[in-house]
Amino acid sequence: MKEIYKQYRLTSTEEPTDEMLLELMQDVLKAAQESSAKAEEEKRRRLQEVANDIKAWKSNTAI
């Protein structure tokens, strides 16, 4: 666990430092980017699977 998380809790009565906020926001940004990339890859995989299923269906029904 990062030291920043040990120093500050969202329920703390103290205000976070600018450095703490910056590090927390950078971590959130990184997590959001990773999640978005994974979602995009899964979307592409599923679309390719559907395209393959359609192609197989067309070849089986001789359209």
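Reader: How many helices and strands are in the chain?

Author: The chain has 2 helices and 0 strands, where helices (H or I, at least four residues) and strands (E, at least two) are DSSP runs numbered from the N terminus. This is a predicted model, so local features need pLDDT of at least 70 and side-chain atom pairs count only at pLDDT 80 or more, while totals for chains, interfaces and linings use all residues. Residues are numbered from 1 along each chain as its sequence is written, and side-chain values use heavy atoms, with hydrogens and water left out.

Reader: What does H2 span from its first C-alpha to its last?

Author: Helix H2 covers residues 18-61, 44 residues in total, and reaches 64 Å. That is close to the 64 Å expected at 1.5 Å a residue, the expected span being 1.5 Å times one less than the number of residues. Just after H2, Ala62 takes a positive phi of about 55°.

Reader: Which residues in H2 are buried?

Author: Met20, Leu24 and Asp27 are buried, meaning under 20% relative accessible area; exposed is over 50% and partly exposed is in between (1.4 Å probe, protein chains only). Over the chain of 63 residues, 10% count as buried.

Reader: Switching to charges. How many salt bridges does the structure hold?

Author: There are 5 salt bridges, each a side-chain nitrogen of Lys or Arg within 4 Å of a carboxyl oxygen of Asp or Glu.

Reader: Which residues does Glu40 pair with?

Author: Glu40 forms a salt bridge with Lys43, the closest N and O atoms being 3.4 Å apart, and another with Arg44, at 3.3 Å. Lys43 and Glu40 are 3 residues apart in helix H2, so about one helical turn separates them. Glu40 and Arg44 are 4 residues apart in H2, again about one turn.

Reader: Why does that spacing matter?

Author: An α-helix has 3.6 residues a turn, so residues three or four places apart point the same way.

Reader: Are those side chains buried or exposed?

Author: Glu40 is partly exposed at 31% relative accessible area, and Lys43 is partly exposed at 44%. Arg44 is exposed at 52%.

Reader: And what about Glu42, which residue does it bridge to?

Author: Glu42 forms a salt bridge with Arg45, the closest N and O atoms being 2.6 Å apart. Both lie in H2, 3 residues apart. Salt bridges that share partners join Glu42, Arg45, Arg46 and Glu49 into one network.
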